[in-house]
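Have it open beside you as you read.

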Amino acid sequence: MLIKNAYLILSKEVKKLDILIESNKITRIGENISEKCKEQIDARGKYIFPGFIDMHTHLRTPGREDEEDLLSGSKAAAKGGFTKIFCMPNTQPPIDNQGLAKWILEEGKKIAIVDIYPVGAITVNRAGKQLTEFEALSGAGCFSLSDDGDSVSDSLILRRALEYAKMTKMLIISHCEDTSLSNKGVIRESFISSKYGLPAVSDISESLIVNRDIELAKYLDARIHLAHISSFKSIEIIKRAKKEGVKVTAETCPHYFCLTVEDIEKGNFNSNFKVNPPLGEKKDLKAIRQALKDGVIDCIATDHAPHSLAEKEVPFEGAPFGLIGLEFAFSLAYTYLVKGNIIGLPAIAEKMSLNPAKIIGLKNCGEIKEGNFADLAIVDLEKTQKIDKESIFSKSKNTPFLGKELEGVVECTIHNGRIVYQKDKNI
Amino acid sequence: MEDWQKKHILGVKDLTRNELETIFSLTSSFKEISQRDVKKVPALRGKTIVNLFFENSTRTRVSFELAAKRLSADVVNFSTSLSSLSKGESVIDTIKNLEAYHPDIMIIRIGFGASLSLFTDYTHASIINAGDGSNEHPTQSFLDMFTVKEARGSLEKLNVLIVGDILHSRVARSNIFGFQKYSANITVCGPSTLVPYEFSKMGVNVSYNLDEVISEADVIIMLRMQKERQQSSFFSTQREYMKWFSLTPERIKMLKKDCLIMHPGPVNWDVEISSAVKERVHPLILKQAENGLAVRMATLYLVGTNKREI
């Protein structure tokens, strides 16, 4: 396959070059490649990103395949320009053993249109008490481990996990939340929560555990990755730790750099705005954007969390946490961060492809480079798209961005040298 | 009255001062009806009202039911609990089911705060908030304000003191929004654990010491202290709570002579108010209940007869 005339988002620059793909690899990048190819794409005026990698997604398989499954999740991913996604283990039953992890990996290879990697649970049944078999999970295709949805609240267990993961060369991903503090809170503690009398979660519910996790990682000289960072306070702590050389990396999600708790009020307490950690205040949003700019936050993950209509068609307080994100992550990043003059196009590629690949330890991907897998997202930055229920590929429609017009549209996604998504065409 | 525009009564925060005035003036007329021998007018004849209570309540429900009956509406009570709902029918489904009977007004009480605007999407009926979580309880605030207006003649620029569990109180929030429309100087006072985060941004003074603020008050609203708050360590013991925040005979002596003491009821005697002062405070609290009926008649009338198309 030959892709001609597109602007490539390279690590330091944006350059108009052609890409030659042979089999599943990028074999040449250069000017005016004139190789004869059966498949040739003229991408004049378009921009090409390395295929996005989502470190944090929920596919609901096994257990709630009515909300999302490996195929529908992978289609949603491809539509969003993602070529590799990592699914969290808070399924029913949880992915806490090699049998299930291996099944996800193999089933994904069989039916999904992008790569799906299982994230293994840190503890058996995600109960926070006993470590899972890290080595076996690694053998079954897990690169990372997390009890996501819950924090490992017992500090000793987390210490053991960090030590054990060091030995087995796996990445521990921490969901930072002091659940005794967040209690039954549904919204960030703020003037809005006070005004409407809603049970609230303070920002220190996150930052206390961020602090603890960083102290542990520092003490053990172990690596830790912090999921869905949402607050100014957490960022201050991560910034300090990084300066000290602690091996900490962090992700945030589009909703934390697009929305605040005030949008919940403006959205009439629609349950699609309910997410954990909850949407923060203006100062948090500003800090997240700044942290993406200075690299305190390494990557953007979706925390794609599908929920059925019945689960979300309830009052805000009664609804489960979570929103879907795979299909809009890029457009949100482009609209709010690039158009908002926070970061440039190469930084988007870094946060959504290169850094996730590096943090997880994936070889030959995350960058448009000769020799790398041909995982690419071709986007049209001139176009806009309106988010409506009908256009969503995910089985669930729970997004606070319904009705919103976003800039930057993924036109085509190529995975391992094959087109897996093309806008306006059935796949 | 002809210009009443609001289809729903979801919160005092959405109402204007003029709208409150309309409610109060109508309340005075409806009060008279309850003193007649035949306590009924045909104002809402043929209208169907559903009292939909997802939370236990006797007083508010009875008050609304009686108000509806005195206006000749057909009223049905639907009481259920959220916990039993979670097993089967959802809240929205319940509303959709009731919608099938074409009710004109749904009076809703529910434990979920700020949830009622969601329900307006699922019914053609007018929705009246009878208490949603800790958010608002508008008719309670109407009756409190009406009671003050009746007793003092005016609602202007009063020193209003609200005492107790502010955090979980929809009565406090509705009264803050209401009295503020009359330029009140509002102070909330309670244990620091039970005053919400950044609450002074509501435009109220915050105090943790009742003795320091009690003598200035023109109106005191004592809130009900639920005993389970002690189990969650919002306060240590009833004894300590009483020591700091209860209306005791000693504190009664510190009051302005004409200070009005109110309580949404039912009172936990010897928790928020000492039973030794029952004689001093109970008559007005019972007056509140009486006014509550008239205020609810006024509210139902305004919403039930408004011609505004959907």
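1. A cavity is a set of points, on a 1 Å grid over the protein atoms alone, where a 1.4 Å probe fits but cannot get out, and its lining residues have an atom within 4 Å of a point. The lining of the largest cavity includes Cys176(A), Glu177(A), Arg188(A), Asn276(A) and Pro278(A).

2. Before going on, please keep in mind that this is a predicted model, where local features need pLDDT of at least 70, side-chain atom pairs count only at pLDDT 80 or more, and totals for chains, interfaces and linings use all residues. Residues are numbered from 1 along each chain as its sequence is written, chains are lettered from A in the order in which they are written, and side-chain values use heavy atoms, without hydrogens and water.

3. What stands opposite Ile48(A)? The residue there is Ile378(A) in β16(A). Tyr7(A), for its part, stands opposite Tyr47(A).

4. Do look at the aromatic cluster formed by Phe49(A), Phe52(A), Phe82(A), Phe330(A) and Tyr334(A). Within this chain, Phe52(A) is buried at 0% relative accessibility, and Phe82(A) is buried too, with a relative accessible area of 1%.

Key. On a 1 Å grid over the protein atoms alone, a cavity is a set of points where a 1.4 Å probe fits but cannot get out, and a pocket is an open set with protein on both sides within 12 Å along at least five of seven lines; lining residues have an atom within 4 Å of a point. Two strands pair if DSSP finds at least two bridges between them. Helices (H or I, at least four residues) and strands (E, at least two) are DSSP runs, numbered from the N terminus. Buried means under 20% relative accessible area, exposed over 50%, partly exposed in between (1.4 Å probe, protein chains only). Rings of Phe, Tyr and Trp (its six-membered ring) pair if their centres lie within 6.5 Å; planes under 30 degrees apart count as stacked, over 60 as edge-to-face and the rest as tilted.
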